[in-house]
Amino acid sequence: MHTDSTPITKPHTNRRKWLAPALIGSAAALGASALYAVAKAREAERRHPPVGRFMTVDGVCLHYMERGRGEPLVLIHGNGTLIQDFLVSGIVEELAKRHRVILIDRPGYGYSARPRALWTPRAHATLFQKALERLGVSQAVVLGHSWGSLVAVALALQAPQLVRSLVLASGYYYPTLRADVAVFSPPAIPVLGDALRYTVSPLLSRLILPGLIKAMFAPADVPERFDEQMPKELMLRPSQLRAAAEDAALMTPVTIELREHYRDLKLPVVIITGADDQIADVARQSERLHRELPHSEFIVVPGQGHMIHHLAPDQVVNAVERASARFYAKAA
């Protein structure tokens, strides 16, 4: 009888042969990605150092800036950006002619810290209220853009004596199903998110950022000033990616709670938006809020998108002045 002397190779033995190198290769690739993310973050911070000063409120280090003199005006930026978003737009320079303009990097953005916590708009508002008190501000006009509009509303609800009038620009106020929440939320997941934002997320974000910026300005073109002067590399650091992911994940839940209190806003409110905003649907968001606040003023700028302070800076400056004037008219 013939006997085949060729040894039989077991399947699990073959798997072991390629599994170890694959794991080692994957670990090496992730390690290299993490080193790359850290190196790029440090490079971004060398190229774009802090532009303001620092204060610590409730253990949170906040980066802030003041420009001009006069009636206090607080500007609250949206998701993914930082205070340079307002500086690059040019509205700060104009508003500082008549106002004491105060800009604060929200926790996790720019150079503000973001301790592990549930950073709802109300949590932001509590921190901002204490920061403004530290700065000696007793009353202020407050402008919030995009996600920052939720913080502005929360601040007005929690500290009506502090906020004399509101300007809400390109805001999101009512819950909707949003695909971007699912796309941008994973870095907010504890442990898994920490791994993602130091490995895969910075690389993917670097690839999709140009398209995302284009969508934020659409249907208008991205202004040359924004493209050249905005410190976009700061927006891609792992720390800011976590903040942006957490804010994205909270968008729907926080509006469910806040919308129950919009009618409690008794102060002057000016709502401004681009008519063709492709990030926050005008009819379902700004227009609906205007209907719910019958004494609010609604300004729609034709042909413009989400970044209204860049695309129509004069109209935004005028909205601030109208909000201030409405306060004094109401007081009289």
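Let's start with helix α5, which is mostly covered: 10 of its 12 residues are buried. Keep in mind that the model you are looking at is predicted. The buried residues of α5 are Trp147, Gly148, Ser149, Leu150, Val151, Ala152, Val153, Ala154, Leu155 and Ala156. What lies over them? The cover includes the strands β3 (71-76), β5 (140-145) and β6 (163-169), along with α4 (121-134) and α11. As for its length, α5 runs over residues 147-158 and reaches 17 Å from its first C-alpha to its last, close to the 16 Å expected at 1.5 Å a residue.

Where along α11 does the kink lie? Look at Met251, shortly before the proline Pro253: the kink there is about 50°.

Our last stop is Thr273, which has its place in strand β7 (residues 269-274). Is Thr273 buried or exposed? Its relative accessible area is 1%, and because buried means under 20%, Thr273 counts as buried. You can see its surroundings by picking out the residues that Thr273 touches, leaving aside those up to four places away in sequence: Ser170, Val282, Ser286, Phe298, Ile299, Val300, Val301 and Ile308.

Methods: Residues are numbered from 1 along each chain as its sequence is written. This is a predicted model: local features need pLDDT of at least 70, side-chain atom pairs count only at pLDDT 80 or more; totals for chains, interfaces and linings use all residues. Side-chain values use heavy atoms; hydrogens and water are left out. The bend at a residue is the angle between axes fitted to the seven residues ending there and the seven starting there. Helices (H or I, at least four residues) and strands (E, at least two) are DSSP runs, numbered from the N terminus. Buried means under 20% relative accessible area, exposed over 50%, partly exposed in between (1.4 Å probe, protein chains only). Contact means heavy atoms within 4.5 Å. The expected span of a helix is 1.5 Å times one less than its number of residues.
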